[in-house]
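Morning, everyone. Let me walk you through one structure. Please have a look at it first.

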Amino acid sequence: MKEKISQFLSEIVEEVSAEEFLSIMEIPPEEAMGDLSLPCFVAQYVMTLAVAFNKFYHDCAILKAEETVKQARLALTELTQQVLCDGCGLLGVECPEEM
């Protein structure tokens, strides 16, 4: 599914924002986070992903986009939320249900 979303988004959104964001999502967590016994690696990964998603969200309209684009962006948003919440959970931080 990630490959399908990646291909679709790379064709329809600003290249820099989509490529930067998706490249972070492609890094295996064990590589990105390093030693999971050191919370700083987990925190750095979560922060990097959050910053990249924030840029994506700022640059790419989600709810006002064409329906197929909107659905792809919403799917990407849900996946990002899950990864961020999982990372925060490893740090002992609760994630809000919505913002």
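Predicted model: local features only at pLDDT ≥ 70, side-chain atom pairs only at ≥ 80, totals over all residues.

Residues are numbered from 1 along each chain as its sequence is written, and side-chain values use heavy atoms, with hydrogens and water left out.

Rings first. How many aromatic pairs does the structure hold? Two. Rings of Phe, Tyr and Trp (its six-membered ring) pair if their centres lie within 6.5 Å; planes under 30 degrees apart are stacked, over 60 edge-to-face, and the rest tilted. F53 and F56 have ring centres 6.0 Å apart and planes at 40°, so this pair is tilted. F53 and Y57 also form a tilted pair, at 6.1 Å and 35°. Together, F53, F56 and Y57 make one aromatic cluster.

F53 and F56 sit in helix α4, residues 39-59. Helices here are DSSP runs of H or I, at least four residues, numbered from the N terminus. F53 and Y57 are four residues apart in α4, about one helical turn.

Buried or exposed? Buried means under 20% relative accessible area, exposed over 50%, partly exposed in between (1.4 Å probe, protein chains only). F53 is buried at 14%. F56 is buried too. Y57 is exposed, at 53%.

Now α5, residues 67-90. Its buried residues include V69, L76 and L84. Just after α5, G92 takes a positive phi of about 80°.

Methods: Helix = DSSP H or I, 4+ residues; strand = E, 2+ residues; numbered from the N terminus. Expected span 1.5 Å × (residues − 1).
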